[in-house]
Amino acid sequence: MAEEMPVRRNKINLKDFEKKVRLRRLRLKDHDDIVKLQLICFPTMPPWTKDQFESMLKHFPQGQLCVEFNGKIVASSSSLILDFDEYQDWHDWRLIADSGYIRNHDPDGDTLYGIEIMVDPKFRGMRLARRLYEARKRLCRENNLQRIVIGGRIPGYNKHRSKMTAEQYVEKVRNHDLYDMVLTTQLANGFALRKLIPEYLPSDEDSAGYATQMEWTNADYQPDEKAWHATPRSVRICTVQYQMRPVRNFAEFAQQVEFFVDAASDDRADFVLFPELFTLQLLSFTPTKRPGEAARKLAEFTPQYIELFNRLAVKYNVNIVGGSHFTLEDDHLRNVAYLFRRDGTLGKQDKLHVTPSERKWWGVEGGDSIRVFGTDSGKIAIPVCYDIEFPELIRVAVQKGAQILFCPFNTDSEHGYLRIRCCAQARCVENHVYAAIAGCTGNLPMVENADIHYAQSGIFTPCDYPFTRGGIGAECNANIETIVTHDVNLDTLRRHRFTGSTRNWNDRRTDLYHVSYQDPDGKLKI
């Protein structure tokens, strides 16, 4: 009997059966593939341009996702983070998505806003949209956001618009009487319908321009009570137009300073701003022979000056920008602006741009960094006098988060004052910030290079409908010792950057120009 031969079987390679599905972030080189997918999914709508695609990846790369199937992109989604309170009344895709550039992405916002999601028709039914929605939910939880909001298309409506209204169509989809490939999917992924938005995206013919406002609430959201109360919406600013007059000793100087801090505190100011180098008044009782010697003599008062203002900030519960004062550091003479917070902490900002007069008469040297200071009433920068005349510097400060500019100045003519004032107002327009300026008036005949003063202190705003007329919040009469107080609103300021009549910050042509700043912590490109 013949021996039975074993049956030979081919070894099964499991890799031959694998289907590789991969969720990942989009990359710049994916643009062509995304355009192809858009043209398949939305043939009546223009696809992303390369500029739009690059801008999305630049401003929020974590929010731009895709799904690959065996190495091919078959689904994708795009989103950004917003402070939803700023947009809940304006459901216009071009506004809320910045026409696809998402330059209004706000890392400190509370809402993940989905601006697009698409799946190749050949791959629908594989729950790829669910993968993208779940990825968005993870992103929402990781960033501790309150919600996801979507302006969703209703592409099935065009076939039914002759028989029913958009409201009726949406209701039938909700009741499972009709199927809509977008709305049905969103409802299945836990999104609730909030309202119907007409004219959301007029170019979307399939949806007749309509969109649904869909919302998913993050049950894991943890309100940050400290952050919520850290920055009030309204901030009261007081500027001091200070008269230079001879004093007999430091105690007399301190008495005058305390009078103004007390007045600002009575007005419940959050900040009080003094002028640049108003401490030159101390030289009226300190005889010196040369201006350079006088400046170094003035620097000897630095410990007393700091102790005085720190005590007053705490005593009167007000943040004080103490003008500026000459300070010696390793034998280098600086013109330094000091911040005295009402919680007792301190900050300082060296004047960066030294005027020819300062250099010639006193031997002042410029600092090397613009700082932004966190306070209980917003983030501030302190450009000292001449510094406000350099727009690049303020760009850097605003990129670092500055909302209010405090500019102590000291000028001896109307021309000098107008340079400060006009530049401060220009910085407000260019950067969507507030600016307060404070200068000296009066005379010090016995102090060289500080004998004549000209000032008209004020508080300035951007120039647009939400703000005061002419961009002037408040201002003093010229050359009279007084204070001026004005309230500014940080929410209005923040909203204006994204919804103003002009949006200078977002409309910068960084493809043509930029500011490159050598920060001590690393190079900053703006």
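Guide: A residue counts as buried when its relative accessible area is under 20%. The model is predicted, and the values below are computed from it. By that cut-off Asp98 is buried, because its relative accessible area is 12%. Its salt-bridge partner is Arg103, with the closest N and O atoms 2.7 Å apart. Arg103 is partly exposed, at a relative accessible area of 25%. Elsewhere, salt bridges that share partners link Arg22, Arg24, Asp30 and Glu68 into one network. The count of salt bridges comes to 28.

Another joins Arg24 to Glu68, where the closest N and O atoms are 2.9 Å apart. Arg24 belongs to strand β1 (residues 21-25) and Glu68 to strand β2 (residues 65-69), so this pair ties together parts that are 44 residues apart in sequence. Glu68 and Arg24 are both buried. For Arg24 the relative accessibility is 8%, and for Asp30 the relative accessible area is 4%, so Asp30 is buried as well.

The strands β1 and β2 lead on to the sheet. Seven strands make up an open sheet with mixed pairing, in the order β1-β2-β3-β4-β5-β7-β6. The edges are β1 and β6 (192-197), each with a single partner strand, so one side of each has no neighbour in the sheet. From one strand to the next the twist averages 25°. Strands of a sheet pair through backbone hydrogen bonds, in either a parallel or an antiparallel way. Strand β4 (residues 111-119) and strand β5 (residues 147-152) run parallel and are joined by four bridges. In β5, Ile150 is the bridge partner of Gly114.

Next, the helices. Helix α5 (residues 166-174) lies across β6 and β7 (211-217), and runs at about 165° to β6. Helix α4 (residues 128-142) has 15 residues and reaches 21 Å from its first C-alpha to its last, close to the 21 Å expected. Among the buried residues of α4 are Leu128, Leu132, Arg136 and Leu139. An α-helix has 3.6 residues a turn, so residues three or four places apart point the same way. After α4 comes Asn144, whose phi is positive, near 50°.

Cysteines give another view of the interior. A search of the whole structure finds zero disulfides. The cysteine sulfur closest to that of Cys66 is in Cys41, 13 Å away, which is too far for a bond. Cys66 is buried, with a relative accessible area of 0%. Cys440 is in no disulfide either, the nearest cysteine sulfur being that of Cys385, 10 Å away. Cys440 is buried too, at a relative accessible area of 1%.

Ala438 has 0% relative accessibility and counts as buried. Leaving aside residues up to four places away in sequence, its contacts include Thr239, Leu273, Phe274, Cys407, Phe409 and Ser457. From Ala438 to His59 the distance is 37 Å, C-alpha to C-alpha, and the two are 379 residues apart in sequence.

Conventions. Residues are numbered from 1 along each chain as its sequence is written. This is a predicted model: local features need pLDDT of at least 70, side-chain atom pairs count only at pLDDT 80 or more; totals for chains, interfaces and linings use all residues. Side-chain values use heavy atoms; hydrogens and water are left out. Buried means under 20% relative accessible area, exposed over 50%, partly exposed in between (1.4 Å probe, protein chains only). Contact means heavy atoms within 4.5 Å. A salt bridge is a side-chain nitrogen of Lys or Arg within 4 Å of a carboxyl oxygen of Asp or Glu. Helices (H or I, at least four residues) and strands (E, at least two) are DSSP runs, numbered from the N terminus. The expected span of a helix is 1.5 Å times one less than its number of residues. A disulfide is a pair of cysteine sulfur atoms within 2.5 Å. Two strands pair if DSSP finds at least two bridges between them. Axes are lines fitted to C-alpha atoms, for helices over the stretch in contact, and angles run from 0 to 180 degrees between N-to-C directions.
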